[in-house]
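Here are my notes on the model you sent over, point by point. Have it open while you read.

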Amino acid sequence: MPHALPANQKVIGRYSILRELRRDRHSVSYAAVDPVMNRELVVKAVQIVPAGPPLRAEARRHIEQAFVRQAQAAGRLHHPNILTVFDAGLGHEFGYLVIERVVGRSLQDLLAAGVKFTDLQCAGIGARVADALEYAHGQGVSHGQLGPQHVYIQADASPKVSGFGGWIDAGAEGDDALSRTDQFLPYFQNEVTEETRRRDMRAVASLLCTMIQARPHAVTVSSQSGPASGSAQRPSTIPAFSALLSDALNPKSPTVPKTAGELRDALIAFVWAERAHRPATSTLGVSLSASIPAGAPPEVAQAPAAPSAAGGERPDLVALALERLSESLRSARVRLGKVRPWARQHRLALSMVAALLVAGVVLGNLLVQLRPARTADTPVPVLPAANAKADPVVASPAAPASTGAAASGTVVFRIEPWGEILIDKKPTGVSPPLVQMALPAGTHQIEVKHGNDMPWIVQINVEAALPVTVSHRFE
């Protein structure tokens with residue numbers, strides 16, 4: 001790979017390279033800019049042709065097709081908690097992926113730095129990760145190797161899941177993301193089976209066990225029966241949360257979740273049951289954007305604890321507000337339930353009243369449309385737009401200037417479909433809804449603009465006693 005991509009690489013595809021983020025034996029990650037979208041992102045170049053004797057054309061074609069399928073599978077995933085893949089391409093001996101730039105730190109780094117997560121924080125992050133996996137399963141894509149290195153915690157405490165397809169990460173994992181790639185790459189498929197669903201679901205539960213134990217390494221999930229290694233929780237773990245994880249890791253449990261979606265729902269139910277008197281899940285107590293020096297003690301990564309309320313816990317005001325909102329909605333449903341029987345009993349009368357109202361509205365609109373408008377006798381020459389068909393504009397004939405300073409006349413606008421009205425080069429409004437207005441008697445210039453069409457201009461003479469109609473249609 002170092003020979004395929006030199007250290008001073010400037011451009012890959014259409015993307016301008018800013019700097020090198022990480023270089024490993026099989027991959028190089030760059031900070032780059034898309035010159036078209038003016039967006040900073042990560043370009044990860046991967047050596048897809050193995051070292052050694054040259055491959056036959058057929059074998060090389062299979063590997064390149066597998067790489068493209070891999071990128072297409074990840075590119076189908078558009079979820080707020082999944083790392084977005086914008087583009088992919090093939091070079092002479094490498095393929096490259098254009099990936100979203102994540103502002104945050106991996107869960108593995110946070111755990112290694114000594115960050116401690118409460119049970120509610122673990123459940124909140126796990127629910128979002130499980131929701132991301134459920135969405136990916138619905139799109140026909142499984143993960144298969146979820147671990148702390150594949151979950152990035154952003155500044156707002158929301159997770160981003162990477163690693164779909166083996167090579168798809170945030171550009172900071174290097175060769176670790178290539179585990180098992182050599183085995184499944186030539187036969188890469190996007191099929192999701194019941195076993196892959198269960199494996200991803202158990203991986204989320206194992207991830208949560210890793211978080212509450214503050215272990216910096218991923219827990220290996222076995223496809224055999226029984227809970228995963230290291231699944232014993234801390235003594236301070238909430239019993240309901242501990243029981244939930246134990247069920248998720250035990251395939252023989254009668255209440256084991258069947259999918260990541262069921263695990264997500266169970267975690268959300270647990271959060272809502274505990275949130276009224278527990279710390280909020282969005283508070284991590286650590287600056288995610290701050291860099292921790294190598295060898296720093298765990299205390300460096302932890303911020304002072306938040307002040308506690310009575311009883312030793314901080315109340316969640318958002319949860320209380322949502323609870324009150326739920327009570328209001330329940331009361332509204334009760335009141336609506338009382339009205340429903342009366343509405344069913346009098347549905348014929350209500351239908352007749354509604355029909356009369358609709359008929360009245362329709363009849364009123366027809367009368368307005370059929371009402372004749374008074375116009376002047378002499379049309380004024382107009383300047384039609386190049387791509388617009390102009391209707392005749394009727395203006396009043398020339399008349400001497402009004403002698404009264406307060407004399408004014410009415411101008412009626414009929415512009416279709418719409419137009420911006422400028423009177424004497426001053427913006428006045430948009431017609432419709434502007435249909436008429438009063439102008440001082442005398443000569444005025446009316447200019448009508450419609451998008452990129454050529455403006456339509458006409459001179460009118462306003463008299464106090466005679467309305468003037470300005471009509472034009474843009475095609």
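1. Start with the loop that runs between β12 (408–416) and β13 (419–423), which is where P417 sits. Keep in mind that this is a predicted model. The peptide bond joining E416 to P417 is cis, with omega at about -10°.

2. There is another cis peptide bond to look at, between S431 and P432, and here omega is about -15°. P432 belongs to the loop between β14 (426–431) and β15 (436–440).

3. Next, a backbone angle to check. D424 isn't a glycine, yet its phi is positive, at about 55°. You'll find D424 in the loop between β13 and β14.

4. Look for A157 in the loop between β8 (151–154) and β9 (159–161). With a relative accessible area of 9%, A157 is buried, because the cut-off for that is under 20%.

5. Now for a helix pair. The axes of α3 (residues 119–138) and α5 (residues 194–213) come within 10 Å and cross at roughly 160°. Angles over 145 degrees count as roughly antiparallel, so that is how α3 and α5 run relative to each other. The crossing of α3 past α5 is right-handed.

6. Who makes that contact? On the α3 side it's D119, C122, I125, G126, V129, A130, L133, E134 and H137, and on the α5 side T196, R197, D200, V204, L208, M211 and I212. Sorted by type, the residues in the contact of α3 with α5 come out as 9 nonpolar, 3 polar and 4 charged. When you read along either list, remember the general rule: an α-helix has 3.6 residues a turn, so residues three or four places apart point the same way.

7. Last, helix α9 (residues 347–370). How far apart are its end C-alpha atoms? They are 35 Å apart, while 24 residues at 1.5 Å a residue should span 34 Å, so the two values agree.

Notes: Residues numbered from 1 in each chain as written. Predicted model: local features only at pLDDT ≥ 70, side-chain atom pairs only at ≥ 80, totals over all residues. Heavy atoms only, no water. Helix = DSSP H or I, 4+ residues; strand = E, 2+ residues; numbered from the N terminus. Buried < 20%, exposed > 50% of the residue type's maximum accessible area, 1.4 Å probe, protein only. Axes fitted to C-alpha atoms, helices over the stretch in contact; angles between N-to-C directions. Parallel < 35°, antiparallel > 145°, perpendicular 65-115°, else oblique. Left-handed = near helix turned anticlockwise from the far one by under 90°. Contact = heavy atoms within 4.5 Å. Nonpolar A, V, L, I, M, F, W, Y, C, P; charged D, E, K, R; others polar. Expected span 1.5 Å × (residues − 1).
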